[in-house]
Amino acid sequence: MAGTSSAIVAGLTAAALATVGYLGHRAAATVPAELGAPAPGTTAAAHEIPRDAHRRTALPARSGQGERVVYSLDDDRVWLVEESGKVRRTFGVVPSTVDPEPGTYRVTSRSGAVTGSDGVPVEHVVRFASVEGTAIGFSAAVDGSAPQLDPQERTGGIRETRADGAAMWGFATIGRVIVVVP
């Protein structure tokens, strides 16, 4: 009789866990947008964003809604996402030595052409954050070179190819949402 009791308890426990998991999933899926989005510059409640290990270029789950730029710190990748959620373009980037915190930002300024903090002429500069006085933004080297990063230098330029920089420039106008994920 003891074996039967154990089986019943195990079955009820499994059913209870499955029910709680289902209800948790339903609750998470129906959170209103204004409650689910982190405030600008703050870390999202769920710090880890699940990745599709077989498709590293897939748009990260829980990376916002609507028209936006998504930047993955872990993957050094950017996605330009249309209002419908369709990815218009994705590309790899070379990160800066200073990273913004995961969270939601907006494009605050743009420059057509300037000299980067590493002394290299850059174009299509799209800035969206600042970390301890270091401006963070996307840019493309005019000569097409990749930056030679010195970990001792504080730089905020996230480098793209010239073609990717032109695409970012056309998409990320002032006020555009930038979502930074781990």
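In which sense do S1 and strand S9 pair, and over how many bridges? In this predicted model, S1 and S9 (residues 177-181) pair in the parallel sense, over 4 bridges.

Strands of a sheet pair through backbone hydrogen bonds, in either a parallel or an antiparallel sense. The antiparallel sense applies to S1 (residues 68-72) and S2, which are joined by 5 bridges. Here Arg68 has Val81 of S2 as its bridge partner. The hairpin of S1 and S2 has 4 residues between the strands. In this hairpin, Asp76 takes a positive phi near 50°.

S2 also pairs with S3 (residues 87-92). These two strands run antiparallel and are joined by 5 bridges. The bridge partner of Arg77 in S3 is Gly92. Between the strands of the S2 and S3 hairpin there are 5 residues. Gly85 takes a positive phi near 95° in this hairpin.

How many residues of S2 are buried? In S2 (residues 77-81), 5 of the 5 residues are buried, so the strand is largely enclosed by the rest of the structure. Burial holds for both directions in which the residues point. Arg77, Trp79 and Val81 point one way from S2. Val78 and Leu80 point the other way.

Tyr71 counts as buried because its relative accessibility is 0%, where the cut-off is under 20%. Phe138 is likewise buried, with a relative accessible area of 0%.

A further pair is formed by Tyr105 and Phe128. Their ring centres are 5.7 Å apart and their planes are at 70°, so this pair is edge-to-face. Tyr105 lies in strand S4 (residues 103-106) and Phe128 in strand S6 (residues 121-131), so the pair ties together parts that are 23 residues apart in sequence. Both Tyr105 and Phe128 are buried. Ring pairs link Tyr71, Tyr105, Phe128 and Phe138 into a cluster.

Charged groups also lie over aromatic rings. The charged end of Arg110 sits over the ring of Trp169, 3.7 Å from the ring centre. Arg176 lies over the face of Phe171, with a distance of 4.8 Å to the ring centre.

Definitions and conventions:
Residues numbered from 1 in each chain as written. Predicted model: local features only at pLDDT ≥ 70, side-chain atom pairs only at ≥ 80, totals over all residues. Heavy atoms only, no water. Buried < 20%, exposed > 50% of the residue type's maximum accessible area, 1.4 Å probe, protein only. Pairing = 2+ DSSP bridges. Phe/Tyr/Trp six-rings, centres within 6.5 Å; stacked < 30°, edge-to-face > 60°. Lys NZ or Arg CZ within 6 Å of the ring centre and 35° of its normal.
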